[in-house]
Amino acid sequence: MTSSTLEDFVREAKEIANSKGFHVTWDNAPVYLMLVVTELAEAMEAWRDDDKEGFREEIADTLIRIFHLCGDLDLRISEAVKKKMEINKTRPYRHGRKRL
């Protein structure tokens, strides 16, 4: 079994979505961001229904939409994720006064 990299997922999500007529541009990015929110809302509904498989599928849909957005906008997301994770390592425990 072959392991896929983040870049592989971005490339494939972009290719599939673009082949189906979906293209993210800077100007229409808000539409695609709201589609990400929609997938997360569907994941929330699956959670409420205690549907773990549905939850997993909606989280996958969320990632696929994000990968497509990253690919079309050429965000080089692997670099950004690595950089942000290094920043997060330096943050204090439960930073931001969040109530969890």
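A residue is called buried here when its relative accessible area is under 20%, exposed when it is over 50%, and partly exposed in between, with a 1.4 Å probe and only the protein chains considered. By that definition, buried residues make up 21% of the 100 residues in the chain.

The model is predicted, so that local features need pLDDT of at least 70 and side-chain atom pairs count only at pLDDT 80 or more, while totals for chains, interfaces and linings use all residues. Residues are numbered from 1 along each chain as its sequence is written, and side-chain values use heavy atoms, leaving out hydrogens and water.

**Overall fold**

The chain holds 4 helices and 0 strands, and its elements follow the order α-α-α-α from the N terminus; helices are DSSP runs of H or I with at least four residues, strands are runs of E with at least two, and both are numbered from the N terminus. The C-alpha trace spans about 45 × 40 × 35 Å along its principal axes. Of the contacts (heavy atoms within 4.5 Å) with a separation of 6 or more, 67% are between residues 24 or more positions apart.

**Charges and salt bridges**

Counting Lys and Arg as positive and Asp and Glu as negative, with His and the chain ends not counted, the chain has 17 positive and 19 negative side chains, and the centres of the two sets lie 11 Å apart. A salt bridge requires a side-chain nitrogen of Lys or Arg within 4 Å of a carboxyl oxygen of Asp or Glu, and 6 are found by this rule.

| Salt bridge | Closest N and O atoms |
|---|---|
| Arg11 and Asp8 | 2.6 Å |
| Arg65 and Glu39 | 3.1 Å |
| Arg76 and Glu79 | 3.9 Å |

Arg65 lies in helix 3 and Glu39 in helix 2, so this pair ties together parts that are 26 residues apart in sequence. Glu39 is buried, with a relative accessible area of 8%, whereas Arg65 is partly exposed at 30% relative accessibility. Arg11 and Asp8, by contrast, are 3 residues apart in helix 1 (residues 6-19) and are therefore separated by about one helical turn; Arg11 is partly exposed at 43%, as is Asp8 at 28%.

**A negative patch**

Asp49, Asp50, Asp51 and Glu57 gather in a surface patch of negative charge, where patch residues have over 30% relative accessible area and no salt bridge, and like charges are joined within 9 Å. Asp50 lies in the loop between helix 2 (29-48) and helix 3 (52-72), and it counts as exposed because its relative accessibility is 62%.

How values were computed
Patches are made of residues with over 30% relative accessible area and no salt bridge: like charges are joined within 9 Å, nonpolar side chains (Val, Leu, Ile, Met, Phe, Trp, Tyr) within 5 Å. Accessible areas come from the Shrake-Rupley method with a 1.4 Å probe; for residues, only the protein chains shown count as cover. The place of a charge is taken as NZ of Lys, CZ of Arg, CG of Asp or CD of Glu.
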